[in-house]
Amino acid sequence: MIIPYGRQSIDDTDISAVVSALKSDLLTQGPKVAEFEKSFAEYVQAKYAVAVSNGTAALHLCALALGVNTTTRVITTPITFVASANCILYCGGSIELCDINAGTGLMDIIKLEEMLASKPVGYYKGIVAVDFAGYPIDLEKMKALAEKYLCWIIEDACHSPGAYFTDSVGNKQLCGNGVFADLAVFSFHPVKHIATGEGGMITTNDENLYKKLLSLRTHGITRDPEMMTTSEGGWYYQMLELGYNYRIPDMLCALGITQLSKAAAGIKRRLAIAERYDEAFGGNEHITQLTPNGTNDLLKQGTLHAHHLYVIKVADRKGLYNHLRSNGVYAQIHYIPIHTMPFYRNSGFTDIVMPEAEAYYTGCISLPMFPALTDDEQEYVISKVVEFVENGHR
Ligand SMILES: Cc1ncc(COP(=O)(O)O)c(C=O)c1O
């Protein structure tokens with residue numbers, strides 16, 4: 001038996017949706033793309049959504065649409081997937097890291113303010129804010145800073161579709177709803193809440209950014225007579241700017257639509273799994289939960305943690321990883337801090353120290369968390385974790 005840390009749930013409705021799309025005339029940009037975009041925008045309560053080939057392409061397009069260039073300095077967190085930072089480098093910009101808050105794993109907003117305040121207004125142009133593990137970062141506070149220091153915000157919501165926090169006036173703010181961030185990105189990689197194999201989405205409330213994204217997604221080409229300088233006939237199109245082919249095929253959007261219809265139920269199951277882990281590990285002196293009682297306490301405070309990941313910290317993380325693996329439990333580590341990657345070390349991050357991120361990394365391990373995880377499988381995982389920490393292998 002192998003229990004992975006995350007996996008997709010594909011049922012017959014997903015399969016028949018893909019089969020129908022395969023039997024249709026349009027395999028790439030067919031009707032399912034717009035339908036998926038519309039449903040997704042409604043799900044996260046944003047005005048616009050642009051479906052793309054993956055989450056990394058989504059981030060790249062956001063950086064391009066916001067005009068990142070060789071003079072642009074952007075701040076992100078060291079505890080994220082490398083794509084959150086790489087997207088800025090793709091456009092020639094530079095990345096600086098802001099350490100995390102050990103209690104949440106999210107970028108520390110107090111440290112962010114210190115960083116922004118240490119330079120003239122306008123020195124930093126943007127922030128890539130990550131809802132790490134599914135925990136929505138407080139974008140209301142971040143937006144106040146972004147306005148003061150003239151920064152845009154890209155919300156990397158790859159871990160958090162369906163999650164929300166409650167703002168200072170009591171409104172539920174869904175991740176990716178575009179109220180505080182300029183743009184938000186999602187990934188449909190198989191371990192994520194909504195799985196299409198490869199796939200991504202950008203959401204925004206800004207019509208100009210939306211139009212720019214549509215153009216950049218497909219080579220900067222238009223067929224719109226109002227946008228072209230001339231037309232030579234029905235076949236005619238013009239390339240107006242340098243774009244990419246970041247389109248997602250119709251059949252994957254067909255899958256995205258059926259997956260999306262089950263996303264809320266998936267979150268409910270994830271919350272039940274998280275609650276059971278909370279209960280099993282709460283009070284165990286050898287285990288630190290990244291967000292202790294993160295499920296119930298956060299909900300009471302008006303925050304829904306989408307639990308893409310369930311992270312605990314232990315003293316002998318490598319020992320626990322190996323113990324679980326030898327018992328068929330394929331836990332994972334999220335994440336190796338970005339600045340410790342050889343590429344970043346060799347690109348100016350030589351002496352960068354991020355004490356909280358590094359301390360977090362030495363102990364963190366993500367346990368199996370996906371809707372199809374059975375109660376028996378979860379009890380087995382719990383027993384293997386407890387067995388290890390209780391046997392003195394700490
Ligand atoms: C936080 C975060 N950002 C970006 C990405 C990139 O998404 P994709 O794998 O779809 O390119 C991922 C996916 O692994 C992620 O977890």
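Strand β3 (residues 73–76) runs parallel to β5, and 2 bridges join the two strands. This pairing belongs to a predicted model, in which an open sheet of 7 strands, with mixed pairing, takes the order β2-β10-β9-β6-β5-β3-β4. The domain assignment divides the protein into domain 1 (3–261) and domain 2 (263–390), and 14 residues surround the ligand.

**The sheet as a whole**

- The edges of the sheet are formed by β2 (48–52) and β4 (94–97), each of which pairs on one side only.
- From one strand to the next, the twist averages 20°.
- In general, the strands of a sheet pair through backbone hydrogen bonds, and the pairing may be either parallel or antiparallel.

- Strand β5 (residues 126–130) is largely enclosed by the rest of the structure, because 5 of its 5 residues are buried.
- The residues G126, V128 and V130 point one way from β5, while I127 and A129 point the other way, and all of them are buried.
- Towards strand β6 (residues 152–156), β5 pairs in the parallel sense over 5 bridges, and within β6 the bridge partner of A129 is E155.

- The pairing of β2 with β10 is antiparallel and extends over 5 bridges, and A51 stands opposite M201 in β10.
- Strand β9 (residues 183–187) and strand β10 (residues 200–204) also run antiparallel and are joined by 4 bridges.
- In β10, M201 stands opposite F186 as well as opposite A51, which places this residue in the pairing of β10 with β9 and in the pairing of β10 with β2.

**The surroundings of the ligand**

- Of the 14 residues that surround the ligand, the closest are N54, G55, T56, F81 and S187.
- The elements that give two or more residues to this shell are α3 (55–65) and α4 (83–90).
- By class, the shell around the ligand consists of 4 nonpolar, 9 polar and 1 charged residues.

- The centres of domain 1 and domain 2, taken over C-alpha atoms, are separated by 25 Å.
- Across the boundary, 36 residues of domain 1 are in contact with 41 residues of domain 2.
- On the side of domain 1 that touches domain 2, at least two residues are supplied by each of β1 (3–4), β7 (164–166) and α8 (250–261).
- The largest share of that side of domain 1 comes from β7, which contributes 3 residues.
- Sorted by class, the side of domain 1 that touches domain 2 holds 21 nonpolar, 12 polar and 3 charged residues.

**M115 in helix α5**

- Helix α5 (residues 109–117) contains M115, and this residue counts as buried because 20 C-beta neighbours lie inside 10 Å.

**I273 in helix α9**

- The position of I273 is in helix α9 (residues 263–281), and I273 counts as buried because it has 22 C-beta neighbours inside 10 Å.
- Apart from neighbours within four places in sequence, the residues in contact with I273 are M369, L373 and Q378.
- The C-alpha atoms of I273 and E96 are separated by 35 Å, and the two residues stand 177 residues apart along the chain.

Methods: Residues are numbered from 1 along each chain as its sequence is written. This is a predicted model: local features need pLDDT of at least 70, side-chain atom pairs count only at pLDDT 80 or more; totals for chains, interfaces and linings use all residues. A residue is near a molecule or strand if its C-beta atom, placed from the backbone, lies within 6 Å of it. Ala, Val, Leu, Ile, Met, Phe, Trp, Tyr, Cys and Pro count as nonpolar, Asp, Glu, Lys and Arg as charged, and the others, Gly among them, as polar. A residue is buried if 20 or more other C-beta atoms lie within 10 Å of its own, exposed if 12 or fewer, and partly exposed in between; C-beta atoms are placed from the backbone. Two residues are in contact if their C-beta atoms, placed from the backbone, lie within 7 Å. Two strands pair if DSSP finds at least two bridges between them. Axes are lines fitted to C-alpha atoms, for helices over the stretch in contact, and angles run from 0 to 180 degrees between N-to-C directions. Domain bounds come from an automatic or database domain assignment.
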